[in-house]
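Here is a short report on one protein chain. It covers the core, the charged pairs and the surface.

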Amino acid sequence: MQRKNTLLKFNSYRNAPLKRSGFAMIMAIVIIIIIATTMTLSLSLSTQTNKRTLDIYLHEQVELYAKSATELAMLYIAKNGCTDDNFNTTLNEIYTINVVMRYVYPAQAPTGCTSYFNTSSLEQGASVLMDVTVSVNNPNIVSEPIRYFRRTIQKL
């Protein structure tokens, strides 16, 4: 007697042909689509977080360099006097620093110094008004330029 392999072809309870539905295949496709969507969102969020972290780091660095540029300009004034109104430098080929200095003197400015304006009060000593601009414009590092401006008044 030969054994026939009809176990998968017929329903054993009703002796009728077994109907296979495509529900399992549809569920597998839906799960794959859900996983792909989750992975795409995760990758997008990771990229945005990386860009944000870099921008925050560069902005903090620019703020610190602006404070340091003010101190460096004061050192430059102490060393060379008030002969120059601009102080420009570049750090690490990334940061561009520009300091514009305007001098305020009581009465008359010393010889060789350009005065922004003179005050009538002799009680006030000489001061310098500094406009410090630090920027990052390298397109290899940032997608949008970062520019920080700081204005300070320093006593001479």
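The notes below go through this predicted model by topic.

## Nonpolar core

The largest nonpolar core holds 23 residues. V99, M101 and M130 have the most contacts inside it. Helix α1 gives the most, with seven residues. In general, nonpolar side chains of soluble globular proteins tend to be buried together.

Neighbours within four places in sequence are set aside here. M130 then touches T70, A73, M74 and I77, and also V99, V100 and M101. R150, R151, T152 and Q154 complete its contacts.

## Salt bridges

How many salt bridges does a search of the whole structure find? It finds three. Side chains of opposite charge can pair when their charged atoms come close.

Two of the bridges involve D131. D131 pairs with R102 at 2.7 Å, N to O. This pair links distant parts of the chain: D131 is in strand β6, R102 is in strand β4, and they are 29 residues apart. D131 also pairs with R151, with the closest N and O atoms 2.5 Å apart. R151 lies in strand β7 and D131 in strand β6, so this pair ties together parts 20 residues apart in sequence. Through shared partners, R102, D131 and R151 form one network.

D131 counts as buried because its relative accessibility is 7%, under the 20% cut-off. R102 is partly exposed at 26%. R151 is exposed at 53%.

## The pair in helix α1

D55 forms a salt bridge with K51, the closest N and O atoms being 2.8 Å apart. The two residues are four apart in helix α1, so about one helical turn separates them. D55 is partly exposed at 22% relative accessibility. K51 is partly exposed too, at 36%.

E144 is 89 residues away in sequence, yet the C-alpha atoms are 9.0 Å apart. E144 sits in the loop between β6 and β7 (146–155). Its relative accessibility is 51%, so E144 counts as exposed.

## Nonpolar surface patch

Which residues make the nonpolar surface patch of about 520 Å²? They are F23, M27, I31, I35 and M39. M39 is located in helix α1 (residues 23–80). M39 counts as exposed because its relative accessibility is 55%, over the 50% cut-off.

Notes:
Residues numbered from 1 in each chain as written. Predicted model: local features only at pLDDT ≥ 70, side-chain atom pairs only at ≥ 80, totals over all residues. Heavy atoms only, no water. Patch = residues over 30% accessible without salt bridge, like charges linked within 9 Å, V, L, I, M, F, W, Y side chains within 5 Å. Areas by Shrake-Rupley, 256 points an atom, 1.4 Å probe, with all protein chains shown as cover. Salt bridge = Lys/Arg side-chain N within 4 Å of Asp/Glu carboxyl O. Buried < 20%, exposed > 50% of the residue type's maximum accessible area, 1.4 Å probe, protein only. Core = buried A, V, L, I, M, F, W, Y, C linked by side-chain atoms within 4.5 Å. Contact = heavy atoms within 4.5 Å.
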